[in-house]
Amino acid sequence: MSFAVVVSDIAPLYTKPEPLCELADEALYGMVVEVLAREGMYCRVRTHYRYEGWTPARCLLEDGAPAAQWQSVPKLVVQKPYIDVLNEPKVQGGCLQSMPRGAFLCPDGGPDENQWQPVRLADGRLGYTKATYLAQPAPAWESVGEDELRQRLCGAALSYLGAQYRWGGKTPLGIDCSGLVSMAYLLNGVIIYRDAAIKPGFALHEISFEAAKPGDLLFFPGHVAMYLGEGRFVHSTGHTGTEGVILSSLAEEAPDYRADLKESMTAVASIFGAPQ
């Protein structure tokens, strides 16, 4: 078993070890992945949220010692849609690395009086970014009150509003339906299955629609959305004319009503309460 650190802003996880094939997922800077196999210039990896795909070897730092060290150091999580890590604590500094929301950095002391936070990249380089762009990793979700966690889940999903639809995407540069909801949960310390399905062994369990509350998930054939309450939901859709992360409604009188989704809903799921 060997591990590697993602050192590209976004490491594409393809369905096959070849270019220009289907994108299954994206791993983000600073994530540690397990290397399962190699073929040519590609590595098959498994993420910490148990998803697998083929990524170019150039996206990884495969040396075992740095990967092990990176796993043990404290981390901060990128909160802004996209940030630059600079070589000096000033806006004119050169860009060492860019990375999206959900990426990981290691703090190197505290911020200065201008809120420049020194950070270490996975390869050991020292850089700087604004402290307000980063946050502590989410605590164990069971330790957060239900109402607060529901609010945080909805806020995380809504932070991607306007992003383009990208099959297999998981960042503000482009995201798909399951990427949106899985990232909203991941940013809050909850691992759910990456695809649009309720899979055994993950936190979600099925509930009735009548029991749905904000932060729960609505499932349709090949699609998933996050419920916001009062019939409204946020989702990333490739639907012609409404592509991207948008708000929609299950209420017939609403201007953004999606009759096709209301009529095809297959399940509703939650992490809250005991499975039935």
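Predicted model: local features only at pLDDT ≥ 70, side-chain atom pairs only at ≥ 80, totals over all residues.

Trainee: Cysteines, then. How many disulfides does a search of the whole structure find?

Mentor: The search finds zero disulfides. Take C43, for which the nearest cysteine sulfur is that of C59, at 9.6 Å; because a disulfide needs the two sulfur atoms within 2.5 Å, C43 is in no disulfide. C177 is in no disulfide either, and its nearest cysteine sulfur, that of C154, lies 17 Å away.

Trainee: And are C43 and C177 buried or exposed?

Mentor: C43 is buried, with a relative accessible area of 2%, and C177 is buried as well, at 5%.

Trainee: You mentioned C154. Where is C154 found, and what does it touch?

Mentor: C154 sits in helix 2, which covers residues 146-158, and with a relative accessible area of 10% it counts as buried. Leaving aside residues up to four places away in sequence, C154 touches P214, G215, M226, Y227 and L228. As for Q79, which is 75 residues from C154 along the chain, the C-alpha atoms of the two are separated by 15 Å.

Trainee: Okay, switching to charges. How many salt bridges does the structure hold?

Mentor: The structure holds 16 salt bridges. One of them joins the side chains of D25 and R194, with 2.7 Å from N to O. This pair links distant parts of the chain, since D25 lies in strand 3 (residues 23-28) while R194 lies in the loop between helix 3 (177-186) and strand 17 (205-207), 169 residues apart.

Trainee: Is that pair buried or exposed?

Mentor: D25 is buried, at 0% relative accessibility, and R194 is buried too, with a relative accessible area of 1%.

Trainee: Which residues are linked with D25 in a network of salt bridges?

Mentor: The network links D25 with K170, D176 and R194.

Trainee: What about the salt bridge between K90 and E88?

Mentor: In that salt bridge the closest N and O atoms of K90 and E88 are 3.8 Å apart. K90 counts as partly exposed, at 37% relative accessibility, and E88 is also partly exposed, with a relative accessible area of 35%.

Trainee: And R258 with D260, how do those two sit?

Mentor: Their side chains meet in a salt bridge at 2.8 Å, N to O. R258 is buried, with a relative accessible area of 9%, whereas D260 is partly exposed, at 35%.

Trainee: Now strands. Which way do strand 1 and strand 4 run, parallel or antiparallel?

Mentor: Strand 1 (residues 2-6) and strand 4 (residues 32-39) run antiparallel, and four bridges join them. Within that pairing, F3 stands opposite E34 of strand 4.

Trainee: How many bridges join strand 4 to strand 5?

Mentor: Five bridges join strand 4 to strand 5 (residues 42-46), and these two strands also run antiparallel. E39 has Y42, in strand 5, as its bridge partner.

Trainee: What do strand 4 and strand 5 form, and what is the phi of G40?

Mentor: Strand 4 and strand 5 form a hairpin with two residues between them, and G40, which is in the turn, has a positive phi of about 60°.

Key. Residues numbered from 1 in each chain as written. Heavy atoms only, no water. Buried < 20%, exposed > 50% of the residue type's maximum accessible area, 1.4 Å probe, protein only. Salt bridge = Lys/Arg side-chain N within 4 Å of Asp/Glu carboxyl O. Pairing = 2+ DSSP bridges. Contact = heavy atoms within 4.5 Å.
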